[in-house]
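Me: I am new to this structure. Please show me how to read its contacts, step by step.

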Amino acid sequence: MTQPFLSINGIRKNYGNVTAVKNVSMDIAQGEFMTFLGPSGSGKSTTLYILAGFQDPSGGDILLNGQSLLSTPSHKRNIGMVFQRYTLFPHLTVGENVAFPLRIRRRPQAEIAERVKAALKLVRLEGFEDRMPALMSGGQQQRVALARALVYNPPVLLMDEPLSALDKKLREEIQFEIRRIHQETGVTILYVTHDQEEALRLSDRIAVFSQGEIDQIGTGPELYSNPATRFVAGFIGDSNFLDATVVTSNAGKAKLALGDGAVVEGVPLHGPSAASSRASLMLRPERLSLSRVSVPSGIAVTVRDITFLGNNVEVSTATPAGVDLAVRLPFGHEAISSLARGEQAWLTFDTASAHAFA
Amino acid sequence: MAVTVVTGAVKTKRGATLGYLLPALLLIALFFIVPVLMLLMRSVLEPEVGLQNYKALLGSTTYLRVFLNTFLVAGVVTLVSIVVGYPVAWLLAIMPQKWSRIVLAIIILSMWTNLLARTYAWMVLLQRTGVINKTLMGLGLIDTPLALVNNLVGVTIGMTYIMLPFVILPLMGVIRTIDPAILRAAALCGAGKMQCFLRVLLPLSLPGIAAGALMVFVMSLGYFVTPALLGGTSNMMLAELVAQFVQSLVNWGMGGAAALVLLVVTLALYAVQLRYFNPARGT
Ligand SMILES: Nc1ncnc2c1ncn2[C@@H]1O[C@H](COP(=O)(O)OP(=O)(O)O)[C@@H](O)[C@H]1O
Ligand SMILES: [Mg+2]
């Protein structure tokens with residue numbers, strides 16, 4: 001087995017009796033774009049800060065090319081980082097900010113000038129050398145920070161919600177730039193965000209954080225089509241949840257009773273399973289279908305509302321027990337014209353696209 | 001038409017503001033500006049009309065020595081205050097609020113303690129048979145007592161102690177505004193502790209250093225009690241000279257001239273600070 005480029009092994013971090021990070025492990029390949037995605041307080045920043053050397057872990061190890069990083073202080077790790085807050089040195093010009101890491105490394109003047117120019121070109125801020133940071137917009141400042149973090153060719157670049165202070169349009173613009181820079185430089189990036197869309201747009205793989213632990217690591221499509229936990233299912237993409245009871249389970253597939261006599265078979269089941277234990281059935285709105293005529297395996301629902309959303313139509317429905325289920329039908333779907341608010345309909349789905357979580 | 005109305009309103013408003021300020025302005029004029037003008041008059045009128053007092057003051061090596069010594073003491077006190085005060089301010093800025101409040105309270109309490117009491121306390125501590133000399137001798141670090149009082153050392157120690165809060169408070173204020181994330185960024189850029197300090201922390205705290213230094217320097221220039229009690233006869237300061245002229249020699253002309261020279265230097269320094277380090281204008 002080849003040795004992974006960057007390896008996070010069982011990292012833990014306690015603050016007094018608060019556990020910020022429980023047990024985080026992953027291997028990251030060289031040149032990979034890995035995103036830590038999770039809600040606020042789930043331990044993403046803490047993990048990143050341990051990588052940067054700002055915090056010592058309570059346990060575990062971090063290996064870069066097989067060598068532990070933990071005994072190396074921050075300033076010797078040669079890692080790049082872009083922060084959530086604006087961290088340009090306010091007393092230095094843009095050019096001097098980007099030159100800073102090279103000056104610390106005592107590079108010759110000519111080389112510094114050349115590399116600063118190249119780094120600013122990379123972030124499309126050529127000619128801004130003499131500008132003071134305070135006179136630049138937030139997006140420009142973060143791009144300078146990116147240039148400063150890349151100018152010394154670090155093997156790993158850390159980014160802690162670098163775009164969260166920017167408005168949506170600017171955010172998308174810079175996401176695109178980050179993607180381009182990742183492709184051009186081939187630098188390994190560890191990126192933190194709580195925004196699933198951002199994670200899906202940027203990443204090769206996503207690690208979903210929940211309460212200090214990683215629930216699942218995978219590509220966007222993997223997390224979407226095969227979520228390992230109810231949390232991941234709820235965090236990536238849209239989802240409906242229905243209470244169910246396991247009737248039988250066999251080789252990871254379950255037969256579930258949904259109450260009202262409805263039974264579905266062959267649903268992938270995640271988690272410990274025992275007959276008659278409770279489970280939660282996850283259905284993607286865009287994988288559901290509606291029919292006006294009774295279907296034997298269908299779930300009887302009442303149509304609450306129909307909303308036209310351009311390329312698709314969202315139908316809000318409710319089960320007799322009062323659970324809301326959203327259904328997204330492609331525009332032009334045959335059922336749409338026959339549906340009306342307050343009427344009965346039958347909801348059907350491909351059981352392989354559903355997931356049950358025990 | 002509208003314009004006239006607006007101008008009228010502004011005029012009335014400005015007039016009203018002036019009206020409110022008038023008592024305060026009169027008070028300042030009566031108790032500060034008038035005495036200074038009187039002193040200025042006496043310095044050019046006594047014993048006869050002319051600049052002879054200023055000539056005598058600036059032409060004599062004895063008096064020039066006093067000027068020089070005044071600047072020396074003020075300079076040394078300022079430097080030592082900054083060097084000692086900076087780490088304290090930094091610690092206060094980064095320590096948890098509940099601790100920094102207590103330390104600040106102690107520092108401010110010391111400012112409220114009587115100046116004479118604090119200076120006499122230093123006299124007792126620093127004298128040949130004082131606690132400091134006794135301790136050092138007891139530890140075998142020195143054989144004969146150090147001359148810590150009645151000289152520049154005594155003045156520097158006593159005045160630095162009094163001036164420290166005036167550098168610690170503005171410095172702490174400025175250091176608190178520096179985002180720790182900026183220092184983290186510097187660290188990841190490769191800057192060790194010393195580089196972080198020299199290239200980032202120090203330049204960013206310059207406005208605080210300037211404000212504290214100016215305050216201490218200006219206050220030190222006119223200091224009287226501490227130099228008189230802890231200093232030797234060979235290093236007299238300007239305020240002592242003024243006191244001597246007025247009290248012992250009853251020479252208001254020379255006393256006024258010396259005081260005005262001090263005032264002019266102080267105002268010049270203040271102008272420099274306003275020009276280059278005024279936080280309101282951004283540095
Ligand atoms: N310095 C600290 N002291 C105490 N608790 C902390 C500290 N830093 C983070 N935490 C706690 O650790 C948990 C994880 O924080 P963090 O890693 O910042 O989460 P995220 O970046 O995912 O929002 C949170 O509950 C937070 O309150
Ligand atoms: Mg965070």
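**Reading the contacts**

Reply: Start inside chain B: zero salt bridges are counted between domain 1 of chain B and domain 2 of chain B. A salt bridge is a side-chain nitrogen of Lys or Arg within 4 Å of a carboxyl oxygen of Asp or Glu. This is a predicted model, where local features need pLDDT of at least 70, side-chain atom pairs count only at pLDDT 80 or more, and totals for chains, interfaces and linings use all residues. Residues are numbered from 1 along each chain as its sequence is written, chains are lettered from A in the order in which they are written, and side-chain values use heavy atoms, with hydrogens and water left out.

Me: Where are the domains of chain B?

Reply: Domain bounds come from an automatic or database domain assignment. Here, domain 1 covers 1-45 and domain 2 covers 55-281. Their C-alpha centres lie 34 Å apart. Five residues of domain 1 and seven residues of domain 2 make the contact, meaning heavy atoms within 4.5 Å.

Me: What area is buried between domain 1 and domain 2 of chain B?

Reply: Buried area is the accessible area (1.4 Å probe) that two parts lose on being put together, summed over both. Here it is about 520 Å², and carbon and sulfur atoms give 81% of it. On the domain 1 side, B:L39, B:R42 and B:S43 supply 79% of the area buried against domain 2, more than any other three residues.

Me: How many residues does each chain bring to the contact between chain B and chain A?

Reply: Chain B brings 17 residues and chain A brings 24 residues. Together the chains bury about 1800 Å², 68% of it on carbon and sulfur atoms. B:R184, B:L188 and B:C189 supply 39% of what chain B buries against chain A, more than any other three residues.

Me: Which side chains meet in a salt bridge?

Reply: The count between chain B and chain A is one. A:R85 and B:D179 form it, at 2.7 Å from N to O.

Me: Which element of chain B gives the most to the side that touches chain A?

Reply: Helices are DSSP runs (H or I, at least four residues), numbered from the N terminus. Helix 8 (180-188) and helix 9 (193-221) of chain B each give two or more residues to that side. Helix 8 gives the most, with seven residues.
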